[in-house]
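User: I want to learn how to read a structure one feature at a time. Can we start with contacts and build up from there?

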Amino acid sequence: MIENKNQSKTDLGNLGEFGLIEQLTQNFTIEQPTTNKGIGDDGAVLDFAGDKVVVSTDLLVEGVHFDLSYSPLKHLGYKAVVVNISDICAMNAIPTQITVSIAVSNRFPLEALEELYEGINLACKYYKVDLIGGDTTSSQKGLIISVTAIGKAKEDELIYRDGAQDNDLLVVTGDIGAAYMGLQVLEREKQVFLVNPNSQPDLAIYDYIIERQLKPEARTDIKQLLADLGVKPTSMIDISDGLSSEVMHLCKHSKVGCNIYEDKLPLDPQFINTCEEFNIDATTMAINGGEDYELLFTMKMEDYDKIKGNPNLTVVGHMTEEKEGVHLITRANTKIPLKAQGWNALKNEEE
């Protein structure tokens, strides 16, 4: 899509903070009965009538978590909501509200922020969550987005990271690694563009993996799916920093070890083809890539028949005694100690 360079641009200074908030949030509607009072007062008022409240916050910083040279603002707004909703899903809770705070430099006109909030609004409508507050301020370093997500669950529904036991099965939803390879394609095309700004890349063959990077979806369906199957996870986490890192978290909190089987990893064909094109190992990318926002959970082995054959769920390994450590069992049946090599935002690099 060719950008219209002649569109009008409204300076944010003409609006003031409250005028800007009013302008950006005028099209948001209330969906949740738990929202008594949303935007427009000193604070939001929520009523959960006995449910437990789950809260999670993420910060997205330009140049660290996203690159606006290939991340459309509308997609970015949508993704900023999804990454937080995914954390609520990882607690086996239902997302209900969000707050959004942004810091922007003076290179962003009102129209750019409206595009960002259009994406936020789309995510709110799709996931049926309410925007109930936030803040805006200026930034010397580009765009910074902070989203806080709120959710609810009955006490006996909540799943934590510390419940895994020896012999529990390790299960992944969906497929993994695609978002990371989507990022590699976008980074490559960015370098091509910098050398030749007139080049127009054909990204059709990468549509799935690029969408996984730019517009991921949270697995809000899994809570009900597992309830319908009669399965209650013993521990759970979302895959935002890479499978290896998330497995390490579960093992550390639950004080167990783990064996993951290379031949069980759920990999999309487009992901595999792109790894071959880039001449990199698909297994390495699958276990160390991040931003898939799938769920990783453990469950009792006796419940296996309940999930067997379900297209949404793949058993990738099992938990062991803590002293056995964390290993990848290769296709050649070699046992390799697993290291967490996922995304480390504090270092702004793959560690």
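Analyst: Contact means heavy atoms within 4.5 Å. Keep in mind that this is a predicted model. Now take Asn121. Setting aside residues up to four places away in sequence, Asn121 touches Asn27 and Phe28.

User: Where is Asn121 found? And is Asn121 buried or exposed?

Analyst: Asn121 is found in helix α3, residues 110-127. Buried means under 20% relative accessible area. Asn121 has a relative accessible area of 12%, so Asn121 is buried.

User: Which residues does Pro109 contact, leaving aside neighbours within four places in sequence?

Analyst: Pro109 is in contact with Lys9, Thr10 and Leu12. Pro109 sits in the loop between β4 and α3. Pro109 and Leu12 are 97 residues apart along the chain, yet their C-alpha atoms are separated by 6.0 Å. Pro109 has 16% relative accessibility, so Pro109 counts as buried.

User: Next, helices. What span should helix α4 have?

Analyst: Count 1.5 Å a residue; the expected span is 1.5 Å times one less than the number of residues. Helix α4 covers residues 178-195, which is 18 residues, so α4 should span 26 Å. The end C-alpha atoms of α4 are 26 Å apart, in agreement with that.

User: Which residues of α4 are buried?

Analyst: Start with the general idea. An α-helix has 3.6 residues a turn, so residues three or four places apart point the same way. In α4, the buried residues are Ala178, Ala179, Tyr180, Met181, Gly182, Val185, Leu186 and Glu189.

User: Where are Asn92 and Asn279 found?

Analyst: Asn92 is in the loop between α2 and β4. Asn279 is in the loop between α8 (269-277) and α9 (282-288). Their accessibility puts them in opposite classes. Asn92 counts as buried because its relative accessibility is 9%. Asn279 has 69%, so Asn279 counts as exposed.

User: Let us zoom out. Into which domains is the protein chain divided?

Analyst: There are domain 1 (13-153) and domain 2 (168-337). Their centres, taken over C-alpha atoms, are separated by 26 Å. Across the boundary, 21 residues of domain 1 are in contact with 19 residues of domain 2.

User: How much area is buried between domain 1 and domain 2?

Analyst: Buried area is the accessible area that two parts lose on being put together, summed over both. Between domain 1 and domain 2 it is about 1,800 Å², and carbon and sulfur atoms give 62% of that. On the domain 1 side, Tyr70, Lys79 and Asn92 supply 34% of the area buried against domain 2, more than any other three residues.

User: How many salt bridges and polar contacts cross the interface?

Analyst: The rule finds two salt bridges across the interface of domain 1 and domain 2. It also finds eight residue pairs in polar contact there. On the side of domain 1 that touches domain 2, α2 (73-89), β4 (94-104) and α3 each supply at least two residues. The largest share of that side, nine residues, comes from α2.

User: Which residue forms a salt bridge with Asp67?

Analyst: Lys190 does, and the closest N and O atoms of the pair are 2.6 Å apart.

How values were computed
Residues numbered from 1 in each chain as written. Predicted model: local features only at pLDDT ≥ 70, side-chain atom pairs only at ≥ 80, totals over all residues. Heavy atoms only, no water. Helix = DSSP H or I, 4+ residues; strand = E, 2+ residues; numbered from the N terminus. Buried < 20%, exposed > 50% of the residue type's maximum accessible area, 1.4 Å probe, protein only. Domains from an automatic or database assignment. Buried area = accessible area lost by both parts, 1.4 Å probe. Salt bridge = Lys/Arg side-chain N within 4 Å of Asp/Glu carboxyl O. Polar contact = N/O pair within 3.5 Å; in protein donor to acceptor, adjacent residues only side chain to side chain.
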